[in-house]
Amino acid sequence: MTGAPEAVAAEVSEFLGAALAGSSLERTVEWVDTDAAGHQHNSVIMRFVEAAESKLFRELGLKGYFPISPRVRQEIDFKSKLYFGQSATAAIRIDRLGTSSMHFAFRVWGHPFEGNGLAVAAEGKVITVCVPEGSSGSGPWPAEIRQTIVDAQASGGRQ
């Protein structure tokens, strides 16, 4: 479909526009990603989102983020289906950086496929908290993580 990549890029750009920092990536829905109903299994959305989150923190150079940042809340609103062979783009943005928590928003688009146009497949929110190594409870984000995100916001937020 002519214009599909540009339409996806425009949607992603708008979504990431207000972010402290954000990133996106494209994936293809594989056979293993589908269920007996013939569309994506619910877990695929979070795998795509977590891959975008991982890409964001690699781009930020924050390799120490994942070992100390368990999820404490996830919300997903499923909007449309994704099918085997269809391309999808997942975008994630940091909306709020608290003392020990980080709030993300995400959106996953299904690209035009078999007569269907570009559509939001799912959107939602994720909250992580900082649990410093060796601790069993939350604590403040390390200065490096906090400063890197502040610097990313100052430079436009988009990775």
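Trainee: Arg93 first. Is it buried or exposed?
Mentor: Arg93 counts as buried, at 19% relative accessibility. The cut-off for buried is under 20%. Keep in mind that this is a predicted model.

Trainee: Where does Arg93 sit?
Mentor: Arg93 is part of strand β3.

Trainee: What does its side chain reach?
Mentor: The side chain of Arg93 reaches the backbone oxygen of Phe15 at 2.6 Å. There is also a polar contact, at 2.7 Å, between the side chains of Arg93 and Asp95.

Trainee: And what about the ring of Phe15, where is Arg93 relative to that?
Mentor: Arg93 lies over the face of Phe15, 4.3 Å from the ring centre.
Mentor: Leaving aside residues up to four places away in sequence, the contacts of Arg93 include Leu16, Ala19, Ala21, Gly22, His103, Phe104 and Ala105.

Trainee: Back to rings. How many aromatic pairs are there in the whole structure?
Mentor: The search finds 7 aromatic pairs. One of them is Phe15 with Trp109: the ring centres are 6.0 Å apart and the planes are at 85°, so the pair is edge-to-face.

Trainee: Which parts does that pair tie together?
Mentor: Phe15 is in helix α1 (residues 4–16) and Trp109 is in strand β4 (residues 101–110), so the pair ties together parts that are 94 residues apart in sequence.

Trainee: Are Phe15 and Trp109 buried or exposed?
Mentor: Both Phe15 and Trp109 are buried.

Trainee: What about Trp31 and Phe84, how are their planes set?
Mentor: Their planes are at 85° and the ring centres are 5.4 Å apart, so Trp31 and Phe84 are edge-to-face. Trp31 is in the loop between β1 (21–28) and α2 (42–59), and Phe84 is in the loop between β2 (71–78) and β3 (87–97), so this pair ties together parts that are 53 residues apart in sequence.

Trainee: And is Trp31 buried or exposed?
Mentor: Trp31 is exposed, with a relative accessible area of 62%. Phe84 is partly exposed, at 43%.

Trainee: Which rings form a cluster?
Mentor: Phe57, Tyr65, Phe66, Phe104 and Trp141 are linked into a cluster by ring pairs.

Trainee: What span should α2 have?
Mentor: At 1.5 Å a residue, the 18 residues of α2 should span 26 Å, and the end C-alpha atoms are 27 Å apart, which agrees.

Trainee: What follows α2?
Mentor: Gly61 follows α2, and the phi of Gly61 is positive, near 75°.

Trainee: Now the strands. How many bridges join β2 to β5?
Mentor: β2 and β5 (residues 119–129) run antiparallel and are joined by 7 bridges. Glu75 stands opposite Lys125 in β5.

Trainee: And β4 with β5, over how many bridges do they pair?
Mentor: β4 and β5 pair over 10 bridges, in the antiparallel sense. Trp109 has Val120 in β5 as its bridge partner.

Trainee: Another one in β3: Thr89. Buried or exposed?
Mentor: Thr89, which is in strand β3, is buried, with a relative accessible area of 4%.

Trainee: What polar contact does its side chain make?
Mentor: The side chain of Thr89 makes a polar contact with the side chain of His111, at 2.7 Å. Not counting residues up to four places away in sequence, Thr89 touches residues including Val8, Val12, Ser24, Leu25 and Trp109.

Trainee: What about Thr148, which residues does that touch?
Mentor: With residues up to four places away in sequence left out, Thr148 touches Leu60 and Leu62. Thr148 itself is found in helix α3. Thr148 and Val49 are 99 residues apart in sequence, with C-alpha atoms 21 Å apart in space.

Trainee: Last one, Glu14. Buried or exposed?
Mentor: Glu14 is exposed, with a relative accessible area of 66%. Glu14 lies in helix α1, and its C-alpha atom is separated by 29 Å from that of Ala143, 129 residues apart along the chain.

Definitions and conventions:
Residues numbered from 1 in each chain as written. Predicted model: local features only at pLDDT ≥ 70, side-chain atom pairs only at ≥ 80, totals over all residues. Heavy atoms only, no water. Phe/Tyr/Trp six-rings, centres within 6.5 Å; stacked < 30°, edge-to-face > 60°. Helix = DSSP H or I, 4+ residues; strand = E, 2+ residues; numbered from the N terminus. Buried < 20%, exposed > 50% of the residue type's maximum accessible area, 1.4 Å probe, protein only. Lys NZ or Arg CZ within 6 Å of the ring centre and 35° of its normal. Pairing = 2+ DSSP bridges. Expected span 1.5 Å × (residues − 1). Polar contact = N/O pair within 3.5 Å; in protein donor to acceptor, adjacent residues only side chain to side chain. Contact = heavy atoms within 4.5 Å.
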